[in-house]
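Dear colleague,

Here is the structure I promised to pass on, with its sequence.

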Amino acid sequence: MYFEKPGKENTAKTAELAIAAAKEAGIQTIVVASGSGYTASFFQQAAKEGMKIVVVARVNGFKEPGKQDFPQEVRRQLEQDGMQLVIAAHALSGAERGLSNRFGGVYPVEIIAHTLRMLGQGTKVCVECAVMALDCGAIQPGPVVCVGGTGAGADTAWILRPAHAQNILDVKLDRLICKVG
């Protein structure tokens, strides 16, 4: 499915399509990018029904040094619902963004990120979050459904096979579920 434009209004349909695709493919794990818990909330029922939902939030210090912007009360609720929250260095920026900001220029990981953005910002987010979840041990190697977005909410979902950051070029985008057209 292709959405006409990005935005929060696509989140419910993206979640519905992602859950249906996971069930159809026999995949038990969904990785969800969520900065505030809004997108993650659309997966609460799936988590209660036994699906493994891994929520990937922004890194500590994203907005303010030393601070986590994911609301603690939302985190507690998601965990009570059986979801796991991952907060880790962003796989497609992290330290490399610091180098490019300081010295200028473009570095290899940023080229990967920009190349993925050719398929849409949500595709880049899906790959990045799946790699982050794999690197911290929240998921195992193998196919997952991953949900990301462009700004707020979700508008993109893929069935993909993540690789660890050290093997980033081994990520496989197996099947597009939905994205902005």
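Predicted model: local features only at pLDDT ≥ 70, side-chain atom pairs only at ≥ 80, totals over all residues.

Residues are numbered from 1 along each chain as its sequence is written, and side-chain values use heavy atoms, with hydrogens and water left out.

Helices (H or I, at least four residues) and strands (E, at least two) are DSSP runs, numbered from the N terminus. Helix 1 takes in residues 11-25, and its 15 residues reach 21 Å from the first C-alpha to the last, close to the 21 Å expected at 1.5 Å a residue, where the expected span is 1.5 Å times one less than the number of residues. Its buried residues are Thr11, Thr14, Ala15, Ala18, Ile19, Ala21 and Ala22. They lie on the same side of helix 1, because the arc they cover around the axis is only 165°, the arc being that of the directions from the helix axis to the C-beta atoms. Buried here means under 20% relative accessible area, exposed means over 50%, and partly exposed is in between (1.4 Å probe, protein chains only). The face of helix 1 turned away from the buried side carries the exposed residues Lys23 and Glu24, and just after the helix Gly26 takes a positive phi of about 70°.

Thr11, which belongs to helix 1, has a relative accessible area of 1%. Leaving aside neighbours within four places in sequence, Thr11 is in contact (heavy atoms within 4.5 Å) with Tyr38, Thr39, Phe42, Gly153 and Ala154.

Which aromatic pairs does the structure hold? A search of the whole structure finds 1, and it is edge-to-face, because the rings of Tyr38 and Phe42 have their centres 5.2 Å apart and their planes at 75°. The charged end of Lys8 sits over the ring of Tyr38, 4.3 Å from its centre; the criterion is NZ of Lys or CZ of Arg within 6 Å of the ring centre and within 35 degrees of the ring normal.

Gln28 is in the loop between helix 1 and strand 2 (29-33). Although 22 residues separate Gln28 from Gly50 in sequence, their C-alpha atoms are 8.2 Å apart, and the contacts of Gln28 beyond four places in sequence are Gly50, Met51 and Lys52.

In helix 6 (residues 108-117), the buried residues are Glu110, Ala113 and Leu116. They sit on the same side of helix 6, because they cover an arc of only 120° around the axis. Pro108 and His114 are exposed on the other side, and what covers the buried residues includes helix 5 (94-103), helix 7 (121-135) and strand 7 (172-180).

Finally, a search of the whole structure finds 0 disulfides, a disulfide being a pair of cysteine sulfur atoms within 2.5 Å. The sulfur of Cys126 is 4.3 Å from the closest cysteine sulfur, in Cys146, which is too far for a bond. Cys126 is buried, with a relative accessible area of 0%, and Cys146 is buried, with a relative accessible area of 0%.

Notes: Phe/Tyr/Trp six-rings, centres within 6.5 Å; stacked < 30°, edge-to-face > 60°.
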